[in-house]
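The exercises below are meant to be worked with the sequence and the model side by side. Try each task before reading its solution.

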Amino acid sequence: MNKPAHPLYEQWQLALPLTPAPSVLYALVPVGVGTPLVECMTSYITRLAGAHCVFPGVLMRKVIAPFAENSLGDGRGAAAMHIRDGKSTGAFNSTQQTASNAVRVLESLTRRGGLRLLTMLTWAKVFPLFGLIRPMRAWCPCCLEEWRLADHMLYEPLLWAIQAVKVCPQHDRLLETHCPMCSKTAPWLAWQSRSGYCPHCQGWLGSSETKQKEHEREGAWLHWCADQVGSLLALAPTTTNAPSRSRIEEGLPAILEQMSQGRKMTFARLVGLSPKMVGDWFYHQQLPSVENLLRVCFAVNLSLQDLLLEKQFVCSLRSKETLPPYHPGPSQAISDRYAAYMSAKKLATEQQLCAEVQEAVRQLIEQDIPPTGRNVALVLSKPGILRSSVMREARRVAIREREGQILENR
Ligand SMILES: [Zn+2]
Ligand SMILES: [Zn+2]
């Protein structure tokens, strides 16, 4: 037997294989990047919290805000990572510092890049901050219902957060802002936010019911706006150089020259905007709001994308009949709904004040003080309450009721 004296053994590689450092939070993939329906930052945070089985409020307070405090080294920036009452959480989707802070912090925590595409940061130089993002959450019930039935991921597109977008381009219906169950509005991010559900009553916000077209007259215009903003959002990932302010400062005079040979009043009339507003753009270098920029583009048959991203463009006047009527406020349907909401709110406040007046009358009678108007006013949180005839009547009713009770008890 010829066995080698020193047999060779297999070699072991003792160095550890290279594995990337784990991320603190799941590296959740954002929905719809590169499409008009790209997800918004608050939706991403909501889903991220869901993936960790905690409420968004808990995720923000326990993980994101403390991490921001350490990594940003700026108390104010970190403070903005708290949801609080949710009122200013639209800023996460916007062009503000809050949005860029959220991008930095979440990219570090999830080790996933490109999260700025879930905000409007790409367009920070060309759109004014004021009026860019809706202060309250909006949604298309039909989109939500379709996604639920198709077992698609529930999320909220950035498109819904843009103030100038009033309709869903897929379903051509106005976006909803009030919960169908509790009628409340909600901020973009609340402590208990869940995509597709109301954070107050947990009611489902989707519906397959296609409403009567409440915006017939403005339909083409509203649909066009949603399409234009959607195309812009879809382009964000391939836009290597974010457009600078000069795109507007040079683009508007170019349109002015083509449409009215530089005459500003004629231009204002042609595009259907007030001369003062147009003057502010040219003389005071103010940036037009997205909505007004869209009005100009619509009137001169120019796409928003050509105005913001192309060096050369040609425009031509659209026929007057198709131009949307200009009213500086929200569209009629929205103001009608707002009026209905306000009257419901007024009723609720009135009921609360009536209860306060009744309570004041009860207290006074118990203390053997005559419940005169003056005495009742002294007990109320706001003495002016009794100026309203409804409240004066509430005082009289409360006195009669108390007297009735006292007689019964005798
Ligand atoms: Zn829809
Ligand atoms: Zn609700």
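**Exercise 1.** Which residues are buried in H2?

*Solution.* This is a predicted model, in which local features need pLDDT of at least 70, side-chain atom pairs count only at pLDDT 80 or more, and totals for chains, interfaces and linings use all residues. Residues are numbered from 1 along each chain as its sequence is written, while chains are lettered from A and ligands numbered from 1 in the order in which they are written. Helices are DSSP runs (H or I, at least four residues), numbered from the N terminus. A residue counts as buried if 20 or more other C-beta atoms, placed from the backbone, lie within 10 Å of its own. By this test Pro56, Leu59, Met60, Ile64 and Ala68 are the buried residues of H2.

**Exercise 2.** Compare the span of H2 with that of a straight helix.

*Solution.* Just after H2, glycine 73 takes a positive phi of about 60 degrees.

**Exercise 3.** How many helices and strands are in the chain?

*Solution.* The chain has 14 helices and zero strands, a strand being a DSSP run of E of at least two residues.

Key. The expected span of a helix is 1.5 Å times one less than its number of residues. A residue is buried if 20 or more other C-beta atoms lie within 10 Å of its own, exposed if 12 or fewer, and partly exposed in between; C-beta atoms are placed from the backbone.
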